[in-house]
Amino acid sequence: MRLKETAAKLYPGSHVAAAWSAQDCITSDGIPFIGIYTSDRPNWYVATGFQKWGMSSSMVSALILKDLICNRENPFADVFSPSRFSAEEIPHIVKDGKKAVAGLTRRFFQIPDETISSLERGQGAVVTTSEGKVGVYKTEEGEIRQVDIVCPHMGCQLSWNPDEQSWDCPCHGSRFDVEGNLLDDPAQEGIQCSGIQE
């Protein structure tokens, strides 16, 4: 948003031709998690935390996961194991835990300052209605898309992402479109959506 505002000041009449962004998980030790998701889910596999190294990490993932599925030894499996742990991770775990608690408590204590009528077209926000707090997106035509702001993954309150035009979970990264459809996990389902005309 600030980049657009600065460009408008420096180059009046300019417009955005294209935009790009990414959500990229990074592990606390900088080494991707590749392997069996958890010991009590032996048939679930994960490959994440590539830290912008998707091309090479995806190749390593393919080799390690192939060997795990085929019950073959892989010399690198332990290095990338999602169940590895180091004392260096504790500060990161505490920091992430605080973030999750903040996301969970915001659902109960944050009072939205936006209203449906004050919301500009093409924008979204968390607002208070007679039904309680909801996520509202106002289309360019003035139609309202109302969604549940509780992430189905672990119950954190979603936030509006104006750059991606999506509802994002600040706790674990799940993302949903303006219709409530799931865009990104760890959530496994979308959120409820209803549409009304302003």
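Buried here means under 20% relative accessible area, exposed means over 50%, and partly exposed lies in between (1.4 Å probe, protein chains only). Strands are DSSP runs of E with at least two residues, numbered from the N terminus. The model is a predicted one: local features need pLDDT of at least 70, side-chain atom pairs count only at pLDDT 80 or more, and totals for chains, interfaces and linings use all residues. Residues are numbered from 1 along each chain as its sequence is written, and side-chain values use heavy atoms, with hydrogens and water left out.

Strand S3 (residues 123-129) pairs with S4 in the antiparallel sense over 7 bridges; two strands count as paired if DSSP finds at least two bridges between them. Glutamine 123 has lysine 138 of S4 as its bridge partner, and threonine 128 has lysine 133 of S4. The two strands form a hairpin with 2 residues between them.

On to the next strand. S4 also pairs with strand S5 (residues 143-147), again antiparallel, over 4 bridges. Here tyrosine 137 has arginine 145 of S5 as its bridge partner. S4 and S5 form a hairpin with 4 residues between them, and glycine 142 in that turn has a positive phi of about 90°.

## The sheet of S6 to S9

An open sheet is formed by 4 strands in the order S6-S7-S8-S9, with antiparallel pairing. Its edge strands are S6 and strand S9 (182-184), each of which pairs on one side only. S6 and S7 run antiparallel and are joined by 3 bridges. Within this pair, tryptophan 167 of S7 is the bridge partner of tryptophan 160. Strands of a sheet pair through backbone hydrogen bonds, either parallel or antiparallel.

## Nonpolar cores

A nonpolar core is a set of buried Ala, Val, Leu, Ile, Met, Phe, Trp, Tyr and Cys residues joined through side-chain atoms within 4.5 Å. The largest such core has 15 residues, of which Cys151, Leu158, Trp160, Trp167, Cys169, Phe176 and Ile191 touch the most other members. A second, separate core of 6 residues includes Leu119, Ala125, Val127 and Val136. In soluble globular proteins, nonpolar side chains tend to be buried together.

## Cysteines

A disulfide is a pair of cysteine sulfur atoms within 2.5 Å, and the count by this rule is 1. The bond joins cysteine 156 to cysteine 171, with an S to S distance of 1.9 Å. The torsion about this S-S bond is about -95°, so the disulfide is left-handed. Cysteine 156 lies in the loop between S5 and S6, and cysteine 171 in the loop between S7 and S8, so the pair ties together parts that are 15 residues apart in sequence. Cysteine 156 counts as buried at 2% relative accessibility, and cysteine 171 is buried at 13%.

What is the closest cysteine sulfur to that of cysteine 151? The closest is in cysteine 169, 4.0 Å away, which is too far for a bond. Cysteine 169 is in no disulfide. Cysteine 151 is buried, at 2% relative accessibility, and cysteine 169 is buried with a relative accessible area of 5%.

## Salt bridges

The structure holds 7 salt bridges, a salt bridge being a side-chain nitrogen of Lys or Arg within 4 Å of a carboxyl oxygen of Asp or Glu. One of them joins the side chains of aspartate 67 and lysine 66 (3.5 Å, N to O). Aspartate 67 is buried at 9% relative accessibility, whereas lysine 66 is partly exposed at 39%.

Arginine 175 forms a salt bridge with glutamate 164, the closest N and O atoms being 3.3 Å apart. Arginine 175 lies in strand S8 (residues 175-176) and glutamate 164 in the loop between strand S6 (159-161) and strand S7 (166-168), so this pair ties together parts 11 residues apart in sequence. Arginine 175 is buried, with a relative accessible area of 8%, while glutamate 164 is partly exposed at 28%. Arginine 175 also forms a salt bridge with aspartate 184, with the closest N and O atoms 4.0 Å apart. Aspartate 184 is partly exposed at 27% relative accessibility. Salt bridges with shared partners join Glu164, Asp168, Arg175 and Asp184 into one network.
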